[in-house]
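Biologist: Let's go through this model. I will ask about its symmetry, then its sheet.

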Protein chains: 2
Amino acid sequence: VTLDLLLIGFGHVGRRFADLLVECRPALAALGVEPRIVGIATARHGALFDEGGLDAVAAARRIEGGGVLAPAGVPAVDLMARLAKAGTGIPVLVETTPLDVQAAEPALTHVRAALARRVHVITANKGPVAFAYRELAGAASESGVAFLFEGAVMDGIPIFNLVRETLPACRIAGFRGVVNSTTNYILTALEEGEAFDAALGRMQAAGVAEADPSLDVDGWDAAAKAVAMANVWLDAGRSPRDVAREGLGPETAARARAARAAGRRLKLVASARAAEPRADVRVVLEELAADDPLANLDGQSNALELDTWPTGRIVITQRDGGLEKTAYALVSDLVTLARRRGARA
Amino acid sequence: VTLDLLLIGFGHVGRRFADLLVECRPALAALGVEPRIVGIATARHGALFDEGGLDAVAAARRIEGGGVLAPAGVPAVDLMARLAKAGTGIPVLVETTPLDVQAAEPALTHVRAALARRVHVITANKGPVAFAYRELAGAASESGVAFLFEGAVMDGIPIFNLVRETLPACRIAGFRGVVNSTTNYILTALEEGEAFDAALGRMQAAGVAEADPSLDVDGWDAAAKAVAMANVWLDAGRSPRDVAREGLGPETAARARAARAAGRRLKLVASARAAEPRADVRVVLEELAADDPLANLDGQSNALELDTWPTGRIVITQRDGGLEKTAYALVSDLVTLARRRGARA
């Protein structure tokens, strides 16, 4: 199965994805999957389109060296139209623009445009699934295309694929997880006596936290992830602005140290439970017992506990986070898509 | 997709599977999967066969009430021949006879006979995959049928499906896990000051350990599981008799208590690493640091850490074990099989 990919967004994740496609080419070929990047659209570094396929690795290096792709930028949606008309392969949008917690834009516009044109969508952006899952899943179904977003939560660790592919006929009653790495880093630093501002500054210097850290520190990222999962598994129909949400601040340091002194751990826990009329979703600081599977997560570790029937409580833990793992999530979505289109292992 | 099932072995797991098929019928129908039990073969309680489908739940209750299925037992392999010839649905052997660590019999004979007759195989028995994975995978491939065994390790928690369905194009360098519940129970009891014989006796009384507990206590069950995984993921080509294997005994109590006193946990760890010419597989007692993801597993909890590229270390933890979960593994294998045969979600 040949897949013709249009990349919208070509930041760290998108560029790492381009590299990973080359590194995984033999393994993908063995699965019957032949991806080909035909277009790249960026907000500030120009765009490229060649329906015969282009050298995305070279494009990545050019941008990393301070260059641009093409002198005049082409609107991303115009490239979508060319993709839908052009190729011989299956057209796929790979959306990796940054998260916007106010309205999920421009990702939502890109995803809608793709689905309307019968272009398959894979994305590492949690915005569309957190803000408009029902609408987008309905549009994808109507157009007969896939809408996949494994990278939206816990990087490349299978979460959505875990439930859909490996827990068929299971019921999910709820979940709880530590799903934001920056706050998890900061909480560990606070336990060790660092002050909040110092810990946050160190995270920013290391490139872990954003220049504007409120997305992480105020719990928005965790809320978007919790809502994404609740929308998919519990039909929550919520948005990130619509859930109980707690964040971290200077006052958190005393709580974190007190918990640690008592043999417990303070963690920012994102959770949801099935409820009528709508699932209950929340992001709150919780003191966890030392033997809680969410308690012993340091640094970039994330974990999610699913409460299922008949398989009981299942925890999946990511011990090594990072951009490369998010890029892998896009690769795994490509394989899911190709398998649905008849590729054979 | 209609699946015609022949159950060989109808113990706790097989009977629970029969119940679960009824409980999951709507969810399975939504996935396009219509299973129908057409035959049941037991070693000591007779057999039944009706190519139009039979009432397996009633049969389960009859056996639990001390009855038998049919006055004269029919050899299981004869039923396989009838299954292969009979039905209108896809023929599937569901093998749940007990584990034999010497030669994997009679399960191995049943699986070979099925694959030779182009009958798909799903099993919760770890013997065949631990003793003859290469041969059986080859035979299945040659016959164009499936050989699935999700229930062989960690009950219904996806392990084999996790890797195959959700980590495509990943490389696995090794794994380590706590995969035997009886020894995990005993180690926890030893830490709490119970004597080995008393702890083991309590497990037997509770029905957790076997009447002959050597399968668990001497590490055979863990070794069979480690070999099963190593054969599938690392092409180890080993058998359970062919790996370093440690067990528990009265002398283990002092080690468990000393570890606990030092803030560590003694666990029976099954592990494997890719190596030349063959993967290194072992089952050994290890002292784990308190924050090791395998350390905080009590009672029926199991966990497995996979060392993967590019996704790093992934841990999957089962917090609630038990027969029902093993029965679910067979249900999930049915769905995997049906999806390969074109059933649609």
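Biologist: Which rotation superposes chain B on chain A?
Modeller: This is a predicted model. Superposing chain B on chain A leaves an RMSD of 0.0 Å. The shift along the axis is 0.0 Å, and the rotation is 180°. That is the relation of a two-fold axis.

Biologist: In chain B, which C-alpha is nearest the axis?
Modeller: Its distance from the axis is 2.3 Å. The residue is B:Ile316.

Biologist: What percentage of the contact residues of chain B recur in chain A?
Modeller: Contact here means heavy atoms within 4.5 Å. The same surface serves both copies. The share that recurs is 100%.

Biologist: Which are the edge strands of the open sheet in chain B?
Modeller: Six strands make up this open sheet of chain B, with mixed pairing. Their order is S3-S2-S1-S4-S5-S6. An edge strand pairs on one side only; in chain B these are strand S3 (47–49) and strand S6 (147–148).

Biologist: What is the bridge partner of B:Val121 in S6(B)?
Modeller: Strand S5 (residues 120–123) of chain B pairs with S6(B) in the parallel sense. Two bridges link them. For B:Val121, the partner in S6(B) is B:Phe147.

Biologist: What angle does the direction of helix H5 of chain B make with that of S4(B)?
Modeller: Helix H5 (residues 107–116) of chain B packs on the sheet. H5 touches S1, S4, S5 and S6 of chain B. Its direction and that of S4(B) make about 170°.

Biologist: At what angle does helix H4 of chain B run to S1(B)?
Modeller: Helix H4 (residues 76–86) of chain B lies across strand S1 (2–8), strand S2 (34–41), S3 and strand S4 (90–95) of chain B. Its angle to S1(B) is about 175°.

Terms used: Residues are numbered from 1 along each chain as its sequence is written. Chains are lettered from A and ligands numbered from 1 in the order in which they are written. This is a predicted model: local features need pLDDT of at least 70, side-chain atom pairs count only at pLDDT 80 or more; totals for chains, interfaces and linings use all residues. Side-chain values use heavy atoms; hydrogens and water are left out. Copies are superposed by least squares on the C-alpha atoms of residues with pLDDT of at least 70 in both. Two strands pair if DSSP finds at least two bridges between them. Helices (H or I, at least four residues) and strands (E, at least two) are DSSP runs, numbered from the N terminus. Axes are lines fitted to C-alpha atoms, for helices over the stretch in contact, and angles run from 0 to 180 degrees between N-to-C directions.
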